[in-house]
Structures are given as structure tokens and as C-alpha cells.
Amino acid sequence: MAFDGITISCMARELMDKLAGGRISKIAQPEADELLLTIKTKEGNFRLLLSASASLPLVYLTESNKPSPLTAPNFCMLLRKHINGGRILSVTQPSLERILRFEIEHLNEMGDICRKYLIVEIMGKHSNIIFCTNTDQIIDSIKHVSAQMSSVREVLPGRDYFIPDTQEKANPLLITEDAFVSLVGSKAAKLSKAIYTSLTGLSPIVAEEICAEASLDSDRSANSYTSEEITHLYRCFSRYLEPLRLAQYEPVIYYEGKAPVEFSCLPLTLYQHYRKESFSSVSEVLERYYAEKNTLTRIRQKSTDLRRIVQTALERNVKKYDLQAKQLKDTEKREKYRIYGELINTYGYHVEAGSKSFEALNYYTGETIIIPLDPQIPVQENAKKYFEKYGKLKRTCEAVTKLLEETGAEIEHLRSIQTALDIALLEEDLVQIKEELMESGYIKKRAPGNKRPKITSKPFHYLSSDGYHMYVGKNNLQNDELTFQFAKGNDWWFHAKGAPGSHVIVQTNGDELPDRTFEEAARLAAYYSANRSSAKVEIDYVEKKQVKKPNKAKPGFVVYYTNYSMMIDSDISNIQQISG
């Protein structure tokens, strides 16, 4: 979810509850567009992060500290001069705007009590932190905006501060039924867009949620609905925002497996099928959500080169496979030529020289067929010619069949590496994948003098509800190590059927595993496979001693000839992870 007006409303309440009455003891500016304030309260010290980053503007309480530059920037020095030691009187949000307004009481140079405002605007690339007098005159801002940069509003020292009303949006908490029906119902845009472009502080996902609450198609244009339907929409909209009016927030993050999908401060039925984790504060939600998102984004960026190499190789092999499959199909007529040759040898003595064809009984099928002949050569030479065609196609079939198997194995191997890249969470996980690509010849091998990097990546380690240890390979090399070096004969081995994925090993310690442990191990195999997004995944499982590795097989490739199977979902949210 965007850092919308609803999230900021929840944040304003949280900051008011925790910081009101607190004194600002430290002001730092660790980044050009970011402040870190330390506030002393009766309950203890709090760190408040205020970021006006164009890519990710945020406001939240954090326990983390950040190093500051040796020389404080001018804006930081100005704030220290005016409000260091100042007391926070209130934290408010005008209307449902994406704005937080900190009212701060402090002593001026004469010892008189004064009030100032620190205003944080969370507006994407237009985000800013603005310091104003009690009459809303701008003292300074973390970003200066001149008339050349914006025709809407200048943000410069000495100018009056105001909130630009460029989109003429209404306040969702004050709008009447008639005004809502008139404003939203008259727009030609799709219904969800008509909602969030008509009302302040609502994100697209909240607009979609309101449409879902009203059971109205969000993609249909708003002005195509009747006034009765828009009235019904208004009542659902008012009911949805009622907790906001009562300050009853529910900060949560929705997860798909381990990946954070969305966060919210009000319920989202659109995500009811995802795992939901609740938090005591919106600050915890924001810090956790963006930290986990940044981790996934960073590892995705770090693996870009490896993904490109794998994708290029995969596309090349798929094209090769298609070409080889076509060549193999062309050899299917070889048996016809063999039969032609046999029938000519059997019946050809009665055919007149110079004939272009003759009819013969195919004693394999009992059907009469017409065999084409070359009239320029003797009849028996035609038989020899057909046998030569048959022999050539047979040899081609044998060669292409072997090549097709090799190419198919290569495609399966590359897809398994793609899955390993999707599973990787840390930079050290990529090191082992890179080694595998080097061993397979997709990346140039290092020079003889260059040492092989130390492998620190370890398999995922989980504990079943019944206390059994379960291990999940992150890539093909780990899969081989887990299955053939770590696991014992009576341990159980799990893998998604017919799909790239991790080997999962459950240590039995000689026990007979409970059904619940089998199911949890199967869920791990489903989640760490290419089929994780499916509602149900078929999992093969067998004792490790039944799993074999063919000679010269690709990393991670195994065979087994007897196994059990089960269909299961890929929800691992309730399985305890120990490390990795």
C-alpha cells in the first residue's frame, strides 16, 4: 500500500500518544533529505525518522541509529538552533492529507516561549520537510522549491506555507452522501479511480477494497452506475472508514509465504487468503515491511546478471530443443521407407522396367499400398535407395534422440537454477549459484590464481511441530550435499513432482514420523519449488536410501523408482524456522 492518508492518520495517533509532551534532545540529518530526531519522554527515549526521499518518503519510530556527517547540514543546524530542547505539543494531520504537522514549543534567544511547526509532507517525489513560524511563514525547508521548479507553490524562506489544492479533492471524513454521489458518480473514469481521485488520502488499493465491500465492479466507469448504486457505495465507504473516525487501527502486513505483499492499518478483505501478521504499532509495520521489501529488492538487483545469463541460455536451449524435436519428427517416416524396400524385394520381380509405381500388399497391416518408383533406375535399385533412406533416418533418429535428452536435461537444469535464484535471500546464497554456473560452462571460469570464494550459504533449517529437524536446499549444489552427504538412509526426502525445486530432508533419528511432520515437510517442498503459486502442489516423498544419482547427472538431478505422493498447499507460515 502507498503511504496514504489512512496510514498517516494511524501514524499521527501513534506519535501523539508516544511523543506528546516529550522534549527533542537530539537532531541529526544522516541523509540530504532525512532527519532523525531523538525525543525524551516519561516512558523513555524514542527515535523518530522523517524521510522526504523522492523514492521512499517515510515517517516512523525506530530503534535503529544512523551515522551523521561530520559537518551538520544547514537545515539541521537551523533546527538545532530553534527547537533543540523544544517540547512536542501535538502531532496532527490536516484533513486526511498525506501531511504530519508537529507543533513544538521552545524558548527563543530572549527566553520567551515560542511555537514553531515542523511539517512533513509525504507526497512521492514532491515530499518535503518544512519548518514554519506559528503564523505559517516558512523559515526553511529540507528541499527548496522555486517558481522555476513549480508553478503551484514556492517552498522558500519567507514565503507563506499552504497546502496546494490542485486536484480539488474532498475530505473523506466530512463528505456528505449527496456530495459523494455527485462527485464520484459523475466521473467517466473507472469506479476505483473515481474514488481515489475524488477523495483526499485514499490509495488505489483502499478504493478497490471499498468497491469490493459494495460488490461493485471497480473497472466499470463510475458514471455508468445508477445514483442508488453510488449511494450504496457511499454507505459501504462510510462503514469502512468508521474505525478511522474512532481511531481503531489494525496495523498488519500480508505475506505470501515469506514475501511481504501489502501492509494496511484497516482490514483488507482483498488479501484475506494471504497470511496476516498483526503489529502493535504502524511504525513496526513500516520498518519491517520496507526492510523486508528492500532485502528482496536488493537481492533481486544483485542477481540481475546471473538471471540474464540463465535466461539467455534457457532461451537458446529451448530453441535448440524445438529444432531437434522437429528433426526427430521428420525421422518418423523411416519405417515407411524400410517397408517400401522390403515390399519391392518381395514383389518387384513382376514389375515392368520403367514403371513409376506399383501396388503391393503390406503384409504388416494387410492393406494394399502404392509404392512410388524411380523409372530411370532398375526396380531392385529402388529397394536399395529406400533402404539407404531408412538407414540414414534411423541414424539421425538415434543421434537426435540422444541430443534431445541432453537438451531437455539442460533446460531442466537451467530452470532449477532460476528457481534457486528466486529462493535466494542473501548475497552469499548467490555465490554458490555462480559457482554452479561456472562449473556448467555458462560463466567463464576464474583464472588459476584466483581462489574459490568461501561458501557460507547454508540450507534453510526448520523444526516441525513434532520436534523433527527439516532442511531445505537453496540451490542444486546444496540439494546434492543434503541428499547424498548429510542425510542418512532412513531419513525422508521430499520434492515437488515434475517441477524444479529444493530437496527437503527430514531427520527421523530412527523414529516413525507423525503425519503432521510429513505434511509440514511437503509444504516446504511445495513452497520452495517453481509451483509455489499453485493452490495445491503434488509432492513425491521417499526414504533417502531410495534416491539415486545417475552417473554424470546434472547437479540436483536424482532418480527414484518407488515413492509416495501427496497434494498439499505451500503455506509455511506456521512452520518454525531455526536458521538459514
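Buried residues are those with under 20% relative accessible area, exposed ones have over 50%, and partly exposed ones lie in between, as computed with a 1.4 Å probe on protein chains only. The model shown is predicted, so local features need pLDDT of at least 70 and side-chain atom pairs count only at pLDDT 80 or more, while totals for chains, interfaces and linings use all residues. Residues are numbered from 1 along each chain as its sequence is written, and side-chain values use heavy atoms, with hydrogens and water left out.

**View 1. Helix H1, residues 5-19.** Eleven of the 15 residues of H1 are buried, so this helix is largely enclosed by the rest of the structure; among them are Gly5, Ile6, Met11 and Leu19. Helices (H or I, at least four residues) and strands (E, at least two) are DSSP runs, numbered from the N terminus. After H1 comes Gly21, with a positive phi near 90°.

**View 2. The aromatic pair of Phe263 and Tyr289.** Rings of Phe, Tyr and Trp (its six-membered ring) pair if their centres lie within 6.5 Å, with planes under 30 degrees apart counted as stacked, over 60 as edge-to-face and the rest as tilted. By this rule there are 23 aromatic pairs. The ring centres of Phe263 and Tyr289 are 4.9 Å apart and their planes meet at 65°, so this pair is edge-to-face. Phe263 belongs to strand E11 (residues 259-264) and Tyr289 to helix H7 (residues 282-302), 26 residues apart, and both Phe263 and Tyr289 are buried.

**View 3. Tyr527 and Tyr528.** These two buried residues form an edge-to-face pair, 4.9 Å centre to centre with 90° between the planes.

Notes:
The expected span of a helix is 1.5 Å times one less than its number of residues.
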